[in-house]
Amino acid sequence: MTDPSTPDIFGLAAPDPIQPALPEIGAGPETATGILPAQGIKAAIERGDLRADRGIDEAQIQPASLDLRLGALAYKLPASFLPGPTKTVEQKLAQFALERIALDGPDGAVLERGSVYLVPLQESVRLGRRWSGSANPKSSTGRLDVFARLITDHATEFDAVRERYCGPLYLEIAPRSFHVRVREGSRLAQLRLRFGRPRTSDSFIRELNERARLVHDSDADAPGDEIDIKQGAIALSVDLKSAGPDEIVGYRAKRAEDAIDVDRVGVCEPAAFWEPIRKPESGGIVLGVDEFFILASKEKVAIPADYAADMVAYDTQVGEFRVHYAGFFDPGFGYEGDRPAGAKIVLEVRSHEVPFLIDHGQIMGRVLFERLSRPTDRPYGSGIGSNYQGQALALSKQFRR
């Protein structure tokens with residue numbers, strides 16, 4: 001919380017003090033640990049473990065996460081930072097912030113490509129013993145090539161809310177390919193809460209895949225033939241062959257000067273921002289250094305109602321590139337009713353250091369599966385307005401289809 005010895009030169013108001021709680025979830029050992037589902041998130045809001053001065057909207061509650069809303073101010077920074085174990089975010093802002101930007105008008109403000117910003121979020125949390133949180137950009141945020149990373153007071157790592165943390169949340173925002181327009185209430189990131197840390201072995205994930213069809217490849221002869229599991233995570237590869245009539249297998253970001261409004265759906269013309277990548281006649285495609293690509297997985301993924309998943313964003317063992325900025329997959333993703341039909345994963349890819357050649361079927365990353373404390377009562381899908389259920393290769397929701 002705010003150190004009274006530090007002047008509040010930017011007008012940041014700390015939330016009222018709230019004491020850590022020890023919430024009870026689950027009916028027994030088999031459900032005592034895991035990610036909190038939608039109904040558990042709603043209960044945490046009612047208890048005050050998740051709170052906001054203006055209240056939390058029902059629409060923010062996702063199948064296994066909570067959408068986080070931007071506050072009324074953004075702070076332009078000279079560089080990314082973490083506060084470290086001895087400082088609050090407010091103290092670091094007092095030292096380093098360059099400019100204060102109002103977001104509370106109807107048009108909000110444009111966050112410029114190549115700059116770094118920090119925004120206090122409307123939500124705050126209190127976590128008890130064995131409770132922790134993790135955050136990730138929302139799918140549309142990742143597909144716009146926007147880094148959106150959660151920070152807490154005294155944090156030593158991004159996107160993590162430590163056990164027993166009680167206090168405010170902040171979001172670092174760094175647009176990479178495009179300028180973006182945001183405003184107070186824009187939702188760029190989401191938070192998962194977790195009780196304990198259930199372990200999953202390679203053998204358990206293999207058995208679960210055979211039973212629940214988590215990941216499958218239509219090119220394989222049998223459901224388990226294509227599965228590559230390492231440290232409890234299933235490998236996903238890139239699809240450079242399954243092109244539609246237009247032969248498009250991906251998109252490369254252009255250097256556009258217009259800003260994309262993150263809150264407006266279906267209004268942007270793709271051609272102004274993206275160059276189509278067509279199916280290669282032979283070989284693969286080259287990821288240029290610091291170019292941003294939208295591609296799709298060869299495999300299809302289906303997440304049961306009692307599981308959630310997370311993509312490993314950066315694995316130097318498969319290549320010097322980052323894949324999938326928005327890593328959360330919700331329970332119910334890839335399901336048609338009770339049937340695990342599967343849906344492709346859209347891969348947000350940026351190469352580092354050197355150009356990198358990728359071929360069809362090359363491993364791009366791995367997806368980790370983790371159980372929920374109990375099945376969600378709000379599975380991903382059209383029933384809750386999910387934008388990407390049953391997706392193939394697709395740009396973010398801001399673009400015309």
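Asp49 is buried, with a relative accessible area of 4%; buried here means under 20% relative accessible area, exposed over 50%, and partly exposed in between, with a 1.4 Å probe and protein chains only. This is a predicted model, in which local features need pLDDT of at least 70, side-chain atom pairs count only at pLDDT 80 or more, and totals for chains, interfaces and linings use all residues. Residues are numbered from 1 along each chain as its sequence is written, and side-chain values use heavy atoms, with hydrogens and water left out.

Where does Asp49 sit? Asp49 is in the loop between helix H1 (38–47) and strand S2 (50–52). Helices (H or I, at least four residues) and strands (E, at least two) are DSSP runs, numbered from the N terminus. The Asp49 side chain makes polar contacts with the side chains of Arg47, at 2.7 Å, and Arg126, at 2.6 Å. A polar contact is a pair of N or O atoms within 3.5 Å; within protein, one must be able to donate a hydrogen and the other to accept it, and residues adjacent in sequence count only if both atoms are side-chain atoms.

Now to the strands. Strand S25, residues 343–351, has nine of its nine residues buried, so it is largely enclosed by the rest of the structure. S25 runs antiparallel to strand S21 (residues 292–301), joined by seven bridges; two strands pair if DSSP finds at least two bridges between them. Phe292 stands opposite Arg350 in S25.

Next is strand S27, residues 363–371, which is antiparallel to strand S16 (residues 233–237) over five bridges. There, Leu236 has Gly365 as its bridge partner. Strand S22 (residues 307–311) also pairs with S27, antiparallel, over five bridges, and Met311 is partnered with Val367.
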